[in-house]
Amino acid sequence: MSDDAPSNSGFAFRSQVRAGGERVLAFLTREYQHSDGATWAARLAAGEVEVRGVPARGDEVLRAGDVVVWHRPPWREEAAPLDYAVLLEDDALVAVSKPSGLPTLPGAGFLTHTLLTQVRLRYPGASPLHRLGRGTSGAVLFARTGAAGAALSRAWREHEVGKVYRALGTGVPQWDTLDIRTPIGPVPHPRLGTVFAASPGGKPSRSVATVRERRAGQTLFDVAIHTGRPHQIRIHLAAAGHPLVGDPLYGPGGLPLAGLPGLPGDLGYLLHAWTLHFTHPVTGQAVRVEAPPPDALRPAGDR
């Protein structure tokens, strides 16, 4: 494939209209804020937008319940590592180790360059039971049947799935184990409007961080998470005074960095989903899935 060849076959983005009275162009500009009105006008002129089964001009008045479809033409996605390792496989489940840099799900310009697409090439119909941030590596569990998916989704909701991550933080704490309960919720971000971060009015959140190895100005942590808030470990370690090494978004206190912080999907930090513990939905046996960490996240004696 040449460097500028499309990496997918295009995609139809669908949005349902909740309240009528708005014109198509205004709706698209508000619904998809990554593009301005002039860009949407050009897409409408190219016939990429459909309403009620016919191409839209842009001046049509939408009705509640209408579905606006943007047929995005094939595009060249940003490069991402597409290889993954299989950690566990049976008729009900598959667990894989995701590389850092590969998004779990489509979004933000990624479609085929995602873990979901790559796993489904080998395991059609597999559905992820959770997601990792683009820069986070490690174990991701997929269900291969509806029954397995329902059972494990219920176990996840009831906090019956154990999750331990490995992270490299800045600084060296005096403590060996810390129970972090900083609430997490939306806070202002200069580029996104809001982003999840430490917030007194946020949702209850809990992580337990344990020092695995102290290094020169850095600390290797094992972090068990008991809730599943967005970017929880990055926020909680930063709130505890130990932001992840290289994190472009979160600084001390668990808030976005001052000035112009990065975006949640930016890379540079070191965080790895190390182990998953759960009861197998078919056999009832205890399962432990382990994704070997990269060398930078291994204690000196394990390298």
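Q: Is His-159 buried or exposed?
A: In this predicted model, His-159 sits in the loop between helix H4 (146-157) and strand E9 (162-170). Its relative accessibility is 56%. Exposed means over 50%, so His-159 counts as exposed.

Q: Near what value is phi of His-159?
A: Most residues other than glycine have a negative phi. His-159 is a residue other than glycine with a positive phi, near 60 degrees.

Q: Where is Arg-52 found, and how does its accessibility count?
A: Arg-52 also has a positive phi, near 55 degrees. Look for Arg-52 in the loop between strand E2 (49-51) and strand E3 (54-55).

Q: Which residues touch the most other members of the largest nonpolar core?
A: The largest nonpolar core has 29 residues. The residues touching the most other members are Val-96, Leu-115, Val-119, Phe-142, Ile-233 and Leu-237.

Q: How many residues are in the other core, which lies apart from the largest one?
A: Among the members of this other core are Ala-92, Leu-93, Ala-143 and Leu-276. The core lies apart from the largest one and has 18 residues.

Q: How far apart are the end C-alpha atoms of residues 93-239?
A: An unreviewed UniProt entry places the feature "domain: Pseudouridine synthase RsuA/RluA-like" at residues 93-239. This span is 19% helix and 38% strand. Its end C-alpha atoms lie apart by 35 Å.

Notes
Residues numbered from 1 in each chain as written. Predicted model: local features only at pLDDT ≥ 70, side-chain atom pairs only at ≥ 80, totals over all residues. Heavy atoms only, no water. UniProt positions renumbered as here; feature names shortened; annotations may be inferred. Helix = DSSP H or I, 4+ residues; strand = E, 2+ residues; numbered from the N terminus. Buried < 20%, exposed > 50% of the residue type's maximum accessible area, 1.4 Å probe, protein only. Core = buried A, V, L, I, M, F, W, Y, C linked by side-chain atoms within 4.5 Å.
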